Amino acid sequence: MGAIVIDLKDFGVRTPEQVVRIFYELYDQTLVRTQLWEVFRLYALNDERGISALDREETKVALLFDHLIDLVGAIEILRAGRGVERCVACGRDDGNV
């Protein structure tokens, strides 16, 4: 029986654990925060009203970015096993958590 080869560049065939692992090989909370807020800053600066005049929908996007940044940080903590008995993201329970 041959081994199954999975192209991890193909987003459609990744397992949830692979998605998390690959994401954290590429990004951390600081990088996610920096990149998301840079996108939002560029959007706001290009808006004729400026960053101080965000409307309700723009405020919702800003809040979504805040939550995504916090989610990335929370998963980092869970993956590291700090404060939990096993990793909620990948299920790892190596007894050293």
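Helices, in the sense used here, are DSSP runs of at least four residues, numbered from the N terminus. In this predicted model, helix α3 holds both Glu-57 and Lys-60, which sit three residues apart, about one turn of the helix. Their side chains meet in a salt bridge, with N and O separated by 3.5 Å. Lys-60 has a relative accessibility of 46% and counts as partly exposed.

In helix α1, Arg-21 and Glu-25 are four residues apart, so about one helical turn separates them; their salt bridge has an N to O distance of 3.7 Å. Here Arg-21 is partly exposed at 32%, whereas Glu-25, at 56%, is exposed.

Helix α1, spanning residues 16-26, also contains Gln-18. This residue is buried because its relative accessible area, 15%, falls under the 20% cut-off. A polar atom of the Gln-18 side chain lies 2.8 Å from the backbone nitrogen of Thr-15.

Helices α1, α2 (29-46) and α3 (56-80) each supply at least two residues of its lining. Among the lining residues are Phe-23, Tyr-24, Gln-35, Leu-68 and Ile-75. By class, the lining comprises 11 nonpolar residues, one polar residue and no charged residues.

Note on methods. Residues numbered from 1 in each chain as written. Predicted model: local features only at pLDDT ≥ 70, side-chain atom pairs only at ≥ 80, totals over all residues. Heavy atoms only, no water. Buried < 20%, exposed > 50% of the residue type's maximum accessible area, 1.4 Å probe, protein only. Polar contact = N/O pair within 3.5 Å; in protein donor to acceptor, adjacent residues only side chain to side chain. 1 Å grid on protein atoms, 1.4 Å probe; cavity = no way out; pocket = protein on both sides within 12 Å on 5 of 7 lines; lining within 4 Å. Nonpolar A, V, L, I, M, F, W, Y, C, P; charged D, E, K, R; others polar. Salt bridge = Lys/Arg side-chain N within 4 Å of Asp/Glu carboxyl O.
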